[in-house]
Amino acid sequence: MVTIKQVAEKANVSTATVSRVINGNYPVSEKVKNKVMETIKELGYRPNSIARSLKCNKTYMVGMVVPDISNNYFMDIARGVESVISPLGYSLIFCSTDENTDKELRLLNALNDKRVDYVLLASSTQEDHKLQKFINQGMNIIMIDTSLENLQTDSVVEDNYNATYKLISYVIDQGHKRIGAVNGLLSVSTAKERYNGFCKALEDHDISLEQSYIVNGAYNRKKSYEEVKFMIQRNMNKLPTVLFAANNDMAEGAMIALKEMNLKIPDDISLVSFGDINLAELIEPRLTIISQNAVLIGQKAGELMLKKVSGNSENNITKVTIPSEIIIRNSVKSI
């Protein structure tokens, strides 16, 4: 088993310096910190979590609460988080709410009881006072993917509004005027921001919003399939020429519905998505998408957490916004 002394000798620093880097209880220069961290990874050193917990009054456990544990997007965020916090001995507890706000609150209570050092939360609720209660009790929360305007806590989010605006503007530039949307839960900030960007793009390009083309996919593949199929059936005489799916699961549901209704992408209906579908390289046509860097979101959340626990950051609330880029493929027909 690798010891802290071996790490110190390899990095050419004192054991006290290695301890300071691991525990984050005293300032260490970035150069020395990076050298120690590289040595820890190289040697595979694992701190004794029980001893550290007793000494530092920390559990070295981090809770991650997401709406859907089966969605690769959230799994990639978790990978990004772990790549940053695991070398320092933190363990990640992964929890899924299934978009259920009551379950979310129960999970937060359970994590509070376990005295986790931090919670990384992709929330399904818009009731900020319910989450503020946990913060007031001393729970450290970083919002990931979602945000609440009045919640006094840090966040790492995507630029949902502007990315969607740019994607819909591109679609309009290709000649599309009958444009539909498969929305997520509009009670969730991500869905609301994406739909607002969608509506603003239509408004700025003098395109009318056709309510019969707008469906609630609830961030769920099956729900999206059902709603898109029903939307097609009621609009057979005048179909939308393009659909925007507000996440990858709903894009897959829409694709299944279109196939079942014998409609081809993009010949009959074009399709674009916020985020890529699973195994995208195996599906033709390849979707035009807003690319999400989920691993980077996780890494930024992990880095922000470590800064907070080490005391190396200011006490003010930090919001990190990850930019997204549009990847043009062949799922949009030029009209």
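Where is P285 found? P285 sits in the loop between β9 and β10 (288-291). Helices (H or I, at least four residues) and strands (E, at least two) are DSSP runs, numbered from the N terminus.

Ground rules, quickly. This is a predicted model, where local features need pLDDT of at least 70, side-chain atom pairs count only at pLDDT 80 or more, and totals for chains, interfaces and linings use all residues. Residues are numbered from 1 along each chain as its sequence is written, and side-chain values use heavy atoms, with hydrogens and water left out.

Back to the prolines. E284 and P285 are joined by a cis peptide bond, with omega about 0 degrees. I265 and P266 are joined by a cis bond too, omega about 0 degrees. P266 lies in the loop between α11 (248-260) and β9 (270-274).

Now phi. D98 has a positive phi, near 55 degrees, and is not a glycine. Its loop runs between β2 (91-96) and α6 (101-113). D206 also has a positive phi, about 55 degrees. D206 is in the loop between α9 (189-204) and β7 (214-216). For context, most residues other than glycine have a negative phi, and most peptide bonds are trans.

Next, helix packing. α5 (residues 72-85) packs on α12 (residues 294-310) at about 40 degrees, axes 6 Å apart. Axes are lines fitted to C-alpha atoms, for helices over the stretch in contact, and angles run from 0 to 180 degrees between N-to-C directions. The pair is therefore oblique; angles under 35 degrees count as roughly parallel, over 145 as roughly antiparallel, 65 to 115 as roughly perpendicular and the rest as oblique. Contact means heavy atoms within 4.5 Å. Residues of α5 in this contact include Y73, D76 and V84, and those of α12 include E303 and L306. The contact divides into 10 nonpolar, five polar and three charged residues. Ala, Val, Leu, Ile, Met, Phe, Trp, Tyr, Cys and Pro count as nonpolar, Asp, Glu, Lys and Arg as charged, and the others, Gly among them, as polar.

Last, the largest pocket. It holds about 390 Å³. A pocket, on a 1 Å grid over the protein atoms alone with a 1.4 Å probe, is an open set of points with protein on both sides within 12 Å along at least five of seven lines; lining residues have an atom within 4 Å of a point. Grid points are joined across faces, edges and corners, and volume is the space filled by probe spheres set on the points. Of 14 lining residues, K33, N34, V84, E303 and L306 are closest to the centre. α3, α5 and α12 each give two or more residues to the lining. α3 gives the largest share, six.
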